[in-house]
Amino acid sequence: MSRGTLTPGVTGPTSTPAEAPATGGRRALPARAATLLQRQGALVALIAVCIFGFARYASFATPENLLNVVRQNSMLGLVALGMTFVILTGGIDLSVGALLAVAGVVAARLSGSGAVAAVAAGVGAATLLGFINGVLIARVRLQPFIVTLAMMIAARGAVLAATGEESVRIDRATTGLTWLGRGEIGPIPVPILLFLLAYALGWVVLRYTGFGRYVYAVGDSEDAARLLGLKVDRVLIGTYALSGALAGLAGVVLAARLGAGQPVAGTGWELDAIAAVVVGGTLLTGGLGGAGATLVGVLLLGVIFNLFNLEGTITPWWQWILRGAFLLGVVVVQGRLQRGPERE
């Protein structure tokens, strides 16, 4: 048969090349949109919510309000950053709220010894407790949920007993400590600068260091990471100690802002931190996500709650209901987007 002859029932050579790319391109658009939502869905939502805020509330776009949103969420952001490292390994840390309270009370108690000693003692105490979490999880092989739940209960009880359930005032002469919570560098509050610096360092660690690669490897498959010769126990201990350290720093900054270490500080923050991490796009199963995603998640939740307050008609109880519904919706959407590529 010659090259120019067409056989009945067989599509001609001119029709297939012209139609296939167009069809393939149309089919690729939903897949690309799903990929964009999966990777940048929180950022898209943040932009949309901000546009809504700009359009509806005149006070939303003021520098005072925007700085206040970031400052109010900067301490939670530090806790969420530590939680990000833990969740990336496939773990969970329910003790961060209690460790925050421990750090704030320790710093307040030692504030008379100077700002450096107070900060070091507060962060150090929380880091030590986080280290204990890591040892029990990595070496004793206990479940992260149980270990950190027990630490949450024990640490909260210990700090309540040590203070008699009362706040511990910071020494007024220790201005260097209060500066961490109330000071400013130029127009930017110090808590915001600490928040941004911590996320910049966290992003660099996860993206460019061996420890960051090991964190992702453990989250992908702990057994495979062990077979590859990675020091999985060290990675797990390091992530929980880091989570404790960042919770401790948040506790010190919060105490400095309030002027006192409060034994009830941080109650429920572990759930808010987990929510920020999940909303940002980090999977609870580990191995996917990062510091940048959590930063967007923290800001998204902060902006949404700020809009609730600006609306003025949403009661605190309904705010809790809406927060829960929003988090559930995010998890459902993430799950469907994650299963989509697998089905294809």
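## Helix crossing

The crossing of H4 and H10 is right-handed (the near helix is turned clockwise from the far one by less than a right angle). Helices here are DSSP runs of H or I with at least four residues, and strands are runs of E with at least two, numbered from the N terminus. The axes of H4 (residues 115-138) and H10 (residues 232-258) come within 7 Å and cross at roughly 150 degrees, which makes H4 roughly antiparallel to H10 (over 145 degrees).

In contact terms (heavy atoms within 4.5 Å), H4 contributes residues including Val 119, Gly 122 and Phe 131, while H10 contributes residues including Asp 233, Tyr 240 and Gly 244. The residues of this contact divide into 14 nonpolar, 7 polar and 1 charged, with Gly counted as polar.

## Val 296

Val 296 lies in helix H12 (residues 291-311) and is buried, with a relative accessible area of 17% (buried means under 20%, with a 1.4 Å probe and protein chains only). Beyond its neighbours within four places in sequence, Val 296 is in contact with Ala 42, Leu 43 and Leu 46. The C-alpha atoms of Val 296 and Gly 41 are separated by 9.8 Å, although these residues are 255 residues apart along the chain.

## Whole chain and basis

The protein chain has 13 helices and 4 strands, and 43% of its 344 residues are buried.

The model is predicted: local features need pLDDT of at least 70, side-chain atom pairs count only at pLDDT 80 or more, and totals for chains, interfaces and linings use all residues. Residues are numbered from 1 along each chain as its sequence is written, and side-chain values use heavy atoms, leaving out hydrogens and water.

How values were computed
Axes are lines fitted to C-alpha atoms, for helices over the stretch in contact, and angles run from 0 to 180 degrees between N-to-C directions. Angles under 35 degrees count as roughly parallel, over 145 as roughly antiparallel, 65 to 115 as roughly perpendicular and the rest as oblique. Buried means under 20% relative accessible area, exposed over 50%, partly exposed in between (1.4 Å probe, protein chains only).
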